[in-house]
Amino acid sequence: MSRVGTTTRDRSRGSASAAAAPRPAPSAVRRRRRPRSRARHRLRALLVLPLVATVAWVLWASPLLGVRSVQVDGAVSLREGEVRDAAGIAAGTPLLRVDVDAARARVARLPQVASVQVTRGWPDRVVITLAERVPLAVVDSAGQQVLVDAQGVLFDTITGAPPAGVVPLAVPDPRPGDAATEAGLAALAALPAGVRAQLSGVTATTGQDVTLKLTDGRTVLWGDAGNSAAKGRALTALLDQLAAGTLDPAGTIDVSTPDAVVLR
């Protein structure tokens with residue numbers, strides 16, 4: 001009698017054959033996967049490259065982030081339009097392509113400018129922040145009245161009376177580095193605004209003989225630029241005492257040696 005089916009031995013033999021079948025090596029699996037991986041990388045590159053190119057175009061060449069306004073902060077005597085013209089930044093220039101260093105150098109050449117910064121204000125502005133020179137004296141230079149700051153820089157021509165608190169300074173050669181100019185300015189800088197308001201002028205022929213003239217006709221012998229702070233304090237105290245009547249009137253006040261002032 002024949003039976004169709006499998007015996008225990010047949011099943012054991014089949015299981016052994018299945019167990020003995022070779023499995024693909026991991027490297028073979030990796031080799032089969034590499035083409036797909038490369039395809040994905042190519043696809044990513046095809047998607048990313050146009051995006052990068054678009055961003056670069058928007059930043060570098062597109063008017064989308066172009067200059068729409070130039071903001072000027074700190075202008076007092078200067079007109080904002082004058083500062084913008086000096087900066088030379090064209091409207092519509094992509095903000096990333098604005099040469100802020102060159103613009104700063106151009107604005108710094110304006111005589112009234114003591115310091116300046118130029119920055120980008122994303123997405124569409126350039127900001128110019130400046131500090132103007134502060135006039136301390138006015139000098140006669142080549143027949144013109146020119147304002148001078150505390151460093152001796154001649155920076156602006158005026159007509160008529162000088163601004164409030166600005167004192168006429170008479171020196172032979174007004175300029176930065178000139179001893180007489182520096183000594184005269186040091187005297188003015190050492191005085192409070194209330195005392196400067198009482199001056200009609202300052203003269204110096206050298207760096208050693210600064211003389212202050214008061215509006216009431218009195219003369220102050222200042223001397224050189226040394227001990228200017230102490231001289232300023234001494235003169236301020238003396239003027240207060242003279243105004244209060246606690247000192248005898250004097251036509252000349254000598255503070256060249258502030259520890260031993262002389263009134264005569």
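In this predicted model, Val-83, Ala-86 and Ala-87 of α3 meet Ala-103, Arg-106 and Val-107 of α4 (contact means heavy atoms within 4.5 Å; helices are DSSP runs of H or I, at least four residues, and strands are runs of E, at least two, numbered from the N terminus). By class, this contact has 5 nonpolar, no polar and 1 charged residues (Ala, Val, Leu, Ile, Met, Phe, Trp, Tyr, Cys and Pro count as nonpolar, Asp, Glu, Lys and Arg as charged, the others, Gly among them, as polar).

The model is predicted: local features need pLDDT of at least 70, side-chain atom pairs count only at pLDDT 80 or more, and totals for chains, interfaces and linings use all residues. Residues are numbered from 1 along each chain as its sequence is written, and side-chain values use heavy atoms, leaving out hydrogens and water.

The axes of α3 and α4 lie 7 Å apart, at an angle of about 130° (axes are lines fitted to C-alpha atoms, for helices over the stretch in contact; angles run from 0 to 180 degrees between N-to-C directions).

Now the sheet. It is open, with 3 strands in the order β1-β3-β2 and mixed pairing (two strands pair if DSSP finds at least two bridges between them). β1 (69–73) and β2 (113–121) are at the edges with a single partner strand each, so one side of each has no neighbour in the sheet. From one strand to the next, the twist averages 20°.

β2 and β3 (residues 125–132) run antiparallel, joined by 8 bridges. Val-113 has Glu-132 in β3 as its bridge partner. Helix α3 (residues 80–87) packs on the sheet, touching β1 and β3. Helix α4 (residues 100–108) also packs there, touching β2 and β3.
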